[in-house]
Amino acid sequence: MENMDGLCVTDCERCPALVESRSRIVNGTGPEDASILFLGEGPGANEDEQGEPFVGRSGTVLDDALRDVGLARADVRITNCVRCRPPENRDPTKEELSNCRGYLERELDLVDPDIVVTLGKVPSQHLLDRSVAVTKEAGSVSDARLGESSRRVLVCLHPAATLYDRSQKETFEETIRQAAELAGVSDESSGQSRLGDY
């Protein structure tokens, strides 16, 4: 039995391996009308534990990059291709991605972001439906057909890439800056988020 209440999946048993490995379903966080939506592949151990996407070291990298362009985590929507943690942090399978696809499309329809930023290879390939060389294509914008609508998709490195390879940091930060500009929400001058820090 599946239940999606607005933006939250409250119950789903479609992927037996994920049902077994998760401690909870990790739904997206952030405003329901965010201009920018960040899309990761799936929850890791920290996310599964805390029930929020991108909360470990990768989350810190993302938060820092957002702050640098005058945004806060509270200004953007962050979600994943699959909402349950794959065992041993393996990549989600094609079947698992496809099982969760309807939830993702519904979230995109409800939030209706100006730009979707794919963090890493799995979400980039999932949305663009082709092989993606993320390091080469970071910063490129494509249109992708998702459900009923076409979305602008910005390919971005996974924040973890900057932890393993410092030389990727600039590319990652530049892509986040580009996302803010494309969505018309960057405010470099004051260093404040557009919504202020309430």
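Predicted model: local features only at pLDDT ≥ 70, side-chain atom pairs only at ≥ 80, totals over all residues.
Me: How do you know how far to trust the protein, and what is its average pLDDT?
Reply: The protein averages a pLDDT of 92. On a scale that runs from 0 to 100, 91% of the residues score at least 70.

Me: And which residues have a pLDDT below 50?
Reply: That would be residues 189–198. Beyond near neighbours in sequence, this stretch has 12 contacts in the model.

Me: What makes the radius of gyration agree with a compact globule?
Reply: You set the value against the rule. A compact globule with 198 residues would come out near 16 Å, and the protein has 16 Å, so the two agree. As for the box filled by the C-alpha atoms, it is roughly 50 × 35 × 30 Å along the principal axes.

Me: What is the fold built from, and how many helices and strands are there?
Reply: There are 8 helices and 7 strands. Take contacts between residues at least 6 apart in sequence: 69% of them join residues at least 24 apart.

Me: What share of the protein counts as buried?
Reply: Of the 198 residues, 50% do, the cut-off being under 20% relative accessible area. The protein exposes about 9,400 Å², and carbon and sulfur atoms supply 43% of that.

Me: Why is Ser-124 called buried?
Reply: Ser-124 has 0% relative accessibility, and buried means under 20%. Since 0% is below that cut-off, Ser-124 counts as buried. You'll find Ser-124 in helix 5.

Me: What does Ser-124 touch, leaving out residues up to four places away in sequence?
Reply: Ser-124 touches Thr-118, Asp-129, Val-132, Val-134 and Val-155. A touch here takes heavy atoms within 4.5 Å.

Me: What makes helix 5 mostly covered?
Reply: Count its residues: 6 of the 8 in helix 5 (residues 121–128) are buried. Those are Val-122, Pro-123, Ser-124, His-126, Leu-127 and Leu-128.

Me: Which elements do the buried residues of helix 5 pack against?
Reply: On the strand side, they pack against strand 3 (36–40), strand 5 (115–119), strand 6 (141–146) and strand 7 (149–156). Helix 4 (94–111) and helix 6 (134–137) are partners too.

Notes. Residues numbered from 1 in each chain as written. Heavy atoms only, no water. pLDDT = per-residue confidence, 0-100. Helix = DSSP H or I, 4+ residues; strand = E, 2+ residues; numbered from the N terminus. Rg over C-alpha atoms; globule rule 2.2 N^0.38 Å. Buried < 20%, exposed > 50% of the residue type's maximum accessible area, 1.4 Å probe, protein only. Areas by Shrake-Rupley, 256 points an atom, 1.4 Å probe, with all protein chains shown as cover.
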